[in-house]
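Please read them with the structure open.

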Amino acid sequence: MTKNFLEIDNVTFTASAQNKVSNVSLTIENQGDIICLLGPSGIGKTTILRTIAGLVKINSGKIVLKNKLLSSKDIHVEPEDRNISMAFQDNSLFPHYNVLENIKFGAERNKKKKKGLNINEIIKFLHIDHVVDKFPHQISSGEAQRASLARSLLSNPDLLLLDEPLSNVDQSFKEEIQVKLKQILTEQKITTIIVTHDSYEAFYLGTKCGIILDQQLKQFDDPYNVYHFPNSVEVVNFLNRGILIPAKVTGENSLENADLGTITGDFIKHYPKGSEVQLLLQPEDLEHDDQSNLKLEVVDRKFRGTNFIYTLKTMSNKLIPVFVHSHHIHQHEVDEKFGIKRPINIDHIVCF
Amino acid sequence: MEFRKINIWYVSSLLISLVVAAPILTVFSSFFETTGNYSLILKNTFLYDYIYNSLILLIGVLFLTFIIGVGCAYLVSFYNFPGVNFFKWSLILSFAVPAYIYAYSLTAFFENYGTAFSILKNLFGEGNYNSHIPKFDGMIGAIISISFSLFAYVYVLTRTSFHYQSQNLIELGKNLGFSKKRSFFKIILPSARPAIVAGLSLVAMETLSDFGSVSFFGISTFTTGIYNAWISFDDLTLANRLSFYLLIFILGLFVLENFSRKKAQYHSPSKGGFKSKSVINLSGYKSFLAFSFCMLVFTISFLFPVIQMLYWTILFPKHLADLDLVDLFSNTVILVILSSCLLIALAFISNYGNRVSKSKFLEALTTFSISGYAIPGIILAVAFISFISWFDNSILGQGGIKPIFIGSILGLVLVYFIRFYSLASNGIKSGYLKINYSIDESAYLLGYSKFKTFKNIHVPYLKNSILLIGILLAIEIIKELPITLIMRPFNFETFATKAYIYASQDLLEAAAAPSLFLITIASFFILITSKYILKD
C-alpha cells in the first residue's frame with residue numbers, strides 16, 4: 001500500500017528500440033497535483049503518457065494509481081477500465097460527430113459522478129463556442145485541440161493526461177487558457193500530467209517538472225529548482241537559459257573567472273578551494289552598468305518585449321547572455337562596448 | 001511478443017484470414033505433389049500455347065485499357081467540352097457489361113448474316129456483305145471484349161488520381177516552361193502512375209482469370225488449361241500447379257513494378273497546399289475530337305452491347321417469355337444478399353482485429369490471403385470441392401457433409417466469400433485508413449470497450465463505405481460466372497448462368513434477354529454508386 005496518488009516505479013517506457021525512456025521512477029503525492037514533462041521532440045514523452053493511459057504495455061516495473069496496480073509485467077488493466085483521460089496532440093475528435101457531440105462524450109462519462117464542471121463554461125473558456133455545430137474537418141487544428149481538451153476535462157478522470165495541449169493554440173489567448181486551465185484543474189482537484197516542449201508553460205502549470213533527456217528522466221523537481229538548480233550539464237543545455245564558463249573556486253563563497261574577475265554568491269554544493277569548475281551563468285545573473293570598467297563587446301541584441309537579451313563576447317571568446325529591461329534608457333548597438341556591474345554577485349552558484 | 005496481442009479480435013481475424021488463405025495454400029502446395037501423365041502431355045503439346053496466348057491476351061488488353069482508360073480520364077479531368085459531365089459517370093457503366101456478354105454481342109453483330117449484315121441489307125438491299133464485314137473473333141475478339149469490359153478500372157482509378165492532383169504541380173510545370181505535352185508526360189502521367197498501375201493490375205488479374213469470353217472464342221489460355229486439366233483429365237494437382245504459375249506470374253508483375261518505382265513518392269500530403277485544378281475550356285475541332293473520343297468509347301463499351309441485346313430480345317420475344325424472371329431475379333438477389341452480408345461482416349471483423357492487435361503477422365497473413373483475387377474462380381471452386389471431399393472422406397470417414405457444401409447455396413456463398421474477400425477487405429481497409437488510431441484510443445480512454453468502439457464509433461463512421469462495398473460486391477456477384485456454374489445447386493439459375501448456357505449452345509439470341517436483365521440490374525447499382533466510385 002502506498003500513500004502516493006500515482007506511483008511509477010522503475011518503468012521503461014518503450015515505443016521502439018530508439019524511442020524509449022528507461023527506468024523511470026516518479027510519484028505524484030497528492031490528488032490535484034500537476035506534473036509537466038519537458039524534453040526535446042521524439043524523446044518519448046508521448047510514449048510515457050500512452051503507457052500510463054494503458055495504450056502501451058510495459059515489460060518491467062509497475063504503475064499504481066490510487067493504490068490500484070494498473071500496469072506491470074504480468075498485469076495490464078485495459079485503457080477503458082483505468083478512468084484515465086487523455087487529450088492527444090493531433091486531432092482525435094470523432095470525425096462523424098460535430099464538436100458539441102464530441103465534447104458530450106466526455107460529459108457522458110462524467111454523468112455518474114455528477115461532479116461540477118459545466119459544459120457551457122468549458123466551451124466558452126476554451127473559445128470554441130462558435131464551432132460547436134461544426135464537424136472536425138471544418139475547424140482549425142487549434143480549435144480541434146481545444147475541443148479535445150474540453151472532452152477530456154469534462155470526463156473528470158482520476159488522472160488527466162495532456163499531450164502538448166496548447167501547441168496549436170493562438171498566442172492571443174494561450175495565456176488566458178493557461179490561467180483558466182490551471183484554475184479548473186486545481187479547483188476540481190484533477191491530477192494531471194502535461195507533456196510540453198514549452199518550458200514557460202511547464203513552469204507556470206506544473207507543481208513539479210520532469211526533464212527527459214538521453215532516454216532518461218534527468219531531473220524531477222519544483223519548476224523553480226529545475227530552472228535555478230539544474231542537476232546536470234544536459235539539463236542546462238536543454239533549458240538553454242545560460243552558459244557554462246570555466247572558473248576556479250577561491251573561497252567558501254567565491255570563485256574567479258579570467259574574463260569577469262571575482263564572482264561571489266552561495267554555492268548550492270560544496271567545492272574545495274582551488275577546484276576547477278564550470279560555472280552556470282544565466283542571463284539575469286549579470287547587471288548592466290555603463291559606469292563599470294568591465295566592458296564587453298556586444299555581438300547580438302534580441303528584443304523580447306519586456307527585455308533585451310544582449311550577447312556579449314569575453315576576451316576568451318565566450319558568449320555571455322545578459323538581460324536588460326527594455327525601458328532601459330539607452331540601447332547598445334552591435335560592436336559597441338557594454339558595461340557589467342562589479343563586483344558580480346550571484347544569488348546561488350551552480351557549478352559542475 | 002505476439003502472444004500478448006492475442007484476444008477475441010485477434011483470433012477472429014486469424015481464423016477468417018486462414019479460411020480465405022486455404023485455397024491459395026492448396027495452390028502453393030501443389031508444387032510439391034506429383035501430377036498425372038497429362039502433365040507430360042501438356043508440356044509437349046499445349047503448355048506453350050497457353051503461355052503464348054495468355055501473354056498475347058494480357059499485352060493486348062493492358063495496352064487497350066491503358067489507352068482508353070487513361071485517355072478518357074485525362075480528357076474529363078483536365079478539359080471542358082460538351083457532354084463532359086455526362087461522360088464522367090457514364091463511362092463507368094461499362095462495368096455492368098461482363099466480358100462474356102460483350103463477346104456475345106460482338107459475335108452477334110459481326111458474324112455472317114448477323115446484325116451488321118441486317119443493317120446493311122436494310123439500308124442498301126441484298127448484297128454479299130459478309131465478305132466485307134470484319135470478323136472480330138478469336139484472339140482479337142477476346143482482347144476487344146475484355147478491354148471494353150474492364151477499362152473502367154483504369155479509368156476510375158486514374159481519374160481519381162487526376163482529380164486530386166494539385167494545381168500547384170501543373171503551375172510548377174508552366175513556370176518551368178513546359179508545353180502541355182511535356183507537362184502531361186513529365187508531371188501528370190508520372191504522378192498518376194500508382195493509380196494507373198493499380199487499375200492495370202486489376203485488369204491483368206481479371207484478364208488472366210477470365211473464363212467466359214476466352215472459352216466462347218475458343219482460345220486456349222491458362223484458365224482454360226486449368227479447366228481442361230480438371231474436367232477433361234481429372235488432374236486436380238496439375239490444375240492447381242497451373243494456377244500456381246499464374247499466381248507467381250502476377251506476383252512477379254507487382255514486384256517488378258514496385259522495384260521500378262523505388263522510393264519515389266507520388267502523392268502530396270493531403271493537408272495544406274492543395275489547390276483545386278482549373279479546367280481548360282476546349283472549342284472548335286479540339287472540342288469535337290474530345291467529345292468524339294469519349295462518345296466512341298461510351299458507345300462501343302456500353303451502348304453497343306445493350307442495343308445488341310435489346311434488339312434481339314425484341315426480335316425474339318419468345319425467349320423472353322420463356323424466362324422465369326421471378327425465379328432468376330430471386331435467385332440472384334438471394335446470392336447477393338447472403339454473400340454481401342457475410343463478406344462485409346467478416347471483412348469488418350478481420351480488419352478491426354488487425355487494427356486492434358497491431359500484429360505484423362496478422363497483417364502479412366491478410367495481405368497474403370487477399371492475393372486470392374488473382375486465382376481464377378474456376379480453381380477456387382475446384383479447390384473448395386476437393387477440400388470438402390478430402391475432409392469428408394479422410395477426416396470424417398464419409399461423414400456426409402458433401403451435400404451440405406457441394407451443389408448448395410451455402411457452398412456457393414462460401415466460394416464467393418473466398419473469391420471476393422479481397423474486394424470487401426480492401427474496401428473496409430481503405431475506410432479504416434481514414435480513421436486515425438488516436439480516435440480509437442480516445443474512445444478507450446472515454447471508457448468505451450473495444451466492442452463498443454467498434455459498434456458506436458467505427459460502424460457509424462464507415463456506413464457509407466459499407467454501403468458502397470455492398471453495392472460493388474452485388475455488381476461482381478451478379479456478373480460472376482464460373483463459380484456459379486460449378487457450385488450452384490441443381491436447376492438453380494441466375495441471369496449469368498442462363499445467358500452462358502444459351503450462348504454455349506449457340507443460342508445467342510436466347511442469351512440476349514438474361515444478358516439484358518443482368519446489364520440493367522448492374523447498371524442500376526452502378527448509377528446509384530457512381531458518385532462515390534468517382535470520388536473515392
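Predicted model: local features only at pLDDT ≥ 70, side-chain atom pairs only at ≥ 80, totals over all residues.

1. Lys3(A) sits in the segment that precedes strand E1 (6–14) of chain A, strands here being DSSP runs of type E of at least two residues and helices runs of H or I of at least four residues, numbered from the N terminus. Lys3(A) counts as exposed because it has 9 C-beta neighbours inside 10 Å; a residue is exposed with 12 or fewer other C-beta atoms within 10 Å of its own, buried with 20 or more, and partly exposed in between, the C-beta atoms being placed from the backbone.

2. Residues are numbered from 1 along each chain as its sequence is written, while chains are lettered from A and ligands numbered from 1 in the order in which they are written.

3. Chain A has eight helices and 19 strands, and its C-alpha trace spans about 70 × 45 × 35 Å along the principal axes. Of the 352 residues in chain A, 37% are buried. The domain assignment, which is automatic or from a database, gives domain 1 (6–235) and domain 2 (242–349) for chain A, with centres, taken over C-alpha atoms, 38 Å apart.

4. In chain B, helix H17 (residues 360–370) has Leu362(B), Leu365(B), Thr366(B), Ser369(B) and Ile370(B) buried. Seen down the axis of H17(B), these buried residues fall within an arc of 125 degrees, so they line one face of the helix; the arc is that of the directions from the helix axis to the C-beta atoms. The face turned away from the buried side carries the exposed residues Lys360(B), Phe361(B) and Ala364(B). The cover over the buried residues of H17(B) includes helix H1 (8–29), helix H16 (325–357) and helix H20 (409–432) of chain B.

5. The contact between the chains takes 18 residues from chain A and 15 residues from chain B, two residues being in contact if their C-beta atoms, placed from the backbone, lie within 7 Å. On the chain B side, helix H21 (437–445) and helix H22 (450–461) each supply at least two residues, and the largest share, six residues, comes from H21(B).
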